[in-house]
Amino acid sequence: MTRLAIDPARAAAEMAEFCQRMANAARQFAIIDVRTEGCSPRAEVYRQDKTVLWRYERRSPDAGLPPLVICYALVNRPYMMDLQPDRSLIRGLLARGLDVYLIDWGYPEEADSHLALDDYVNRYLGTCIDHVRSARGVESVNLLGVCQGGTMSLCHAALHPERVRNLVAMVTPVDFHTDENLLSKWVRKVDVDRMVEELGNVPGELLNATFLALMPLRLTVQKYAGIADLAGDREALANFLRMERWIHDSPDQAGTAFRQFIRWFFQENRLVRGGLQIGGKRVDPRRIVCPLLNIYATQDHLVPPSASRPLAGLTGSRDYTAFEFDGGHIGIYVSKTAQELLPRTIAQWLEKR
Amino acid sequence: MPANIPATPWLHAWLEVERAFSEVSMQGAKGSDPVAQGMRRLMEFGNDYAGIAADCWPKLQAGNLDLDGLRASLVERYQRFLMPAVAPSPAAAIPLATSAAFLRYQQASQRFGRQVAAIALEAFRRLSESIGTNAPDATPITSLRELHELWIECGEAAYSAAAHGDEFAEAQAELLASLVELRREQLPRR
């Protein structure tokens with residue numbers, strides 16, 4: 001005896017309805033246009049090679065805070081920060097009077113395979129920050145680093161503490177060797193030198209497949225079967241498609257920077273264990289003395305909280321705040337809860353400093 | 001759609017769904033290439049759900065839907081799902097058949113395949129346990145969707161338990177390394 005009690009007639013009706021709903025969804029997908037690089041008005045204010053610095057148009061009263069520079073990860077595209085009007089961390093920050101800049105690393109091509117972490121952490125991030133400092137007439141900026149961009153922001157702040165007034169780290173891996181970190185367990189076994197030697201740049205598709213493999217059934221089969229539940233709701237289908245586009249919009253990774261990031265952070269865990277050098281200069285987290293806000297997600301399958309929490313006590317900052325968001329790695333940007341909670345938390349924290 | 005799916009009352013409708021998604025995937029213009037990629041994956045994985053439903057179908061019609069009868073198809077389907085889709089094309093594989101890189105790839109693929117087979121069997125064991133009447137939650141499963149959801153839950157749990165282990169990570173890394181090496185043999189040196 002089992003719990004299986006499926007009536008054939010009911011199952012036939014169920015499948016017929018499923019097919020009908022999926023067909024409706026397909027018809028909608030054919031006409032929904034989700035080509036977008038974000039939804040909020042913005043202007044390109046600086047460009048160096050493929051790196052572009054965007055400044056967003058603020059319509060609410062100025063909060064009078066130093067400009068906020070968002071440093072996104074090299075993997076995936078930064079428009080996740082401004083995906084659609086009702087799912088936009090950037091809009092939330094603008095509404096609170098912040099002056100928001102976003103760094104877009106672009107799509108590395110074969111000629112960029114030599115780009116190293118030094119280029120990203122010191123040169124591109126540095127010149128973007130310098131541009132903002134100069135344009136806004138400020139000595140230092142507020143820096144918000146996202147995921148891998150958070151790790152890079154920590155490195156920048158350690159190397160150039162004078163440029164960073166406050167640092168917000170969002171879903172940022174710090175200790176790469178905690179037990180819950182499945183991605184790290186896999187990556188530690190990879191011969192990254194050989195991979196980069198053979199591939200040059202590392203295909204974004206490969207990274208994307210790896211991310212999906214962390215929870216393969218939930219992130220594919222279950223998600224796609226769930227489309228049937230959205231059929232008939234055009235807005236929900238558009239949201240789904242927008243997210244789907246973002247997931248599959250994975251830039252290739254500049255080979256040298258990728259190799260360094262994998263080896264130094266994932267495999268050797270140098271940010272925590274020590275010995276990290278970027279551009280020939282020692283990265284000592286204790287040189288980070290600015291106030292720190294560490295935001296992480298309790299159900300993050302890519303950067304588990306245990307990877308982010310060790311930021312506490314790692315730096316020389318005496319002003320450390322942790323904020324736990326009840327959600328996942330993507331939900332922290334796009335969930336309904338996040339839309340109000342995250343911008344408010346960040347803005348209020350910055351206002352006090 | 002796999003060729004061995006038997007005729008069902010909803011098969012025609014599902015083929016229509018496939019056609020519709022294929023058109024979206026080919027269209028590309030409205031949604032851009034990343035969306036087209038998503039549509040292709042969607043159908044790839046949508047087939048899994050429809051495929052499981054199709055596997056159940058003849059047994060449902062005969063009034064004897066029991067889990068043991070689904071064992072082979074569920075396990076085989078999950079193994080196929082977990083194996084990487086990347087592999088040398090048959091045409092390229094022929095001249096490579098005796099190369100060291102190809103042999104390494106074959107060995108790596110077999111090693112990873114053993115991991116995957118164990119995961120699929122464990123997933124089925126968990127499903128059987130959950131469906132057994134002695135399970136604490138004895139709520140009847142009355143729809144294919146519920147059965148599929150439970151299968152996903154069990155499959156994910158079995159996968160997670162194995163994927164955190166060294167052997168899985170090593171087998172996966174070796175498979176990746178062998179594919180990279182194979183690619184080097186297939187392509188002219190840069």
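A: This is a predicted model. Start with the two helices. The axes of H3(A), residues 117-136, and H4(A), residues 148-159, come within 10 Å. They cross at roughly 75 degrees. That angle makes H3(A) roughly perpendicular to H4(A).

Now the residues at the crossing. H3(A) contributes A:Tyr120, A:Val121, A:Asn122, A:Leu125 and A:Gly126.

Eight strands of chain A form an open sheet with mixed pairing. Their order is S1-S2-S6-S3-S7-S8-S11-S12. S1 (42-48) and S12 (320-325) of chain A stand at the edges. Each has a single partner strand, so one side of each is left without a neighbour in the sheet. Neighbouring strands of this sheet are turned by 20 degrees against each other on average, direction ignored.

Within that order, look at S3(A), residues 68-71, and S7(A), residues 141-146. They pair in the parallel sense over 4 bridges. In one of the pairings, A:Ile70 has A:Leu144 in S7(A) as its bridge partner.

Both helices lie across this pair of strands, as the following shows. H3(A) lies across S1, S2 (51-56), S3, S6 (100-104) and S7 of chain A. H3(A) runs at about 125 degrees to S1(A). H4(A) lies across S3, S7 and S8 (164-170) of chain A. Its direction is at about 140 degrees to S7(A).

Step back to the whole chain. Chain A has 15 helices and 12 strands. Its radius of gyration is 21 Å, close to the 20 Å that the globule rule gives for 353 residues, so chain A is as compact as a globular protein of that length. The C-alpha atoms fill a box of roughly 70 × 50 × 40 Å along the principal axes. Buried residues make up 51% of the chain. Among contacts in chain A with a separation of 6 or more, 81% join residues 24 or more positions apart.

Finally, the partner chain. In chain A, 51 residues are in contact with 62 residues of chain B. H1 (8-31), H5 (182-187), H6 (192-199), H8 (216-225) and H10 (234-248) of chain A each supply at least two residues to that side. H1(A) gives the most, with 16 residues. By class, the side of chain A that touches chain B has 30 nonpolar, 6 polar and 15 charged residues.

Note on methods:
Residues numbered from 1 in each chain as written. Chains lettered and ligands numbered in written order. Predicted model: local features only at pLDDT ≥ 70, side-chain atom pairs only at ≥ 80, totals over all residues. Contact = placed C-beta atoms within 7 Å. Nonpolar A, V, L, I, M, F, W, Y, C, P; charged D, E, K, R; others polar. Axes fitted to C-alpha atoms, helices over the stretch in contact; angles between N-to-C directions. Parallel < 35°, antiparallel > 145°, perpendicular 65-115°, else oblique. Rg over C-alpha atoms; globule rule 2.2 N^0.38 Å. Buried ≥ 20, exposed ≤ 12 C-beta atoms within 10 Å, placed from the backbone. Pairing = 2+ DSSP bridges.
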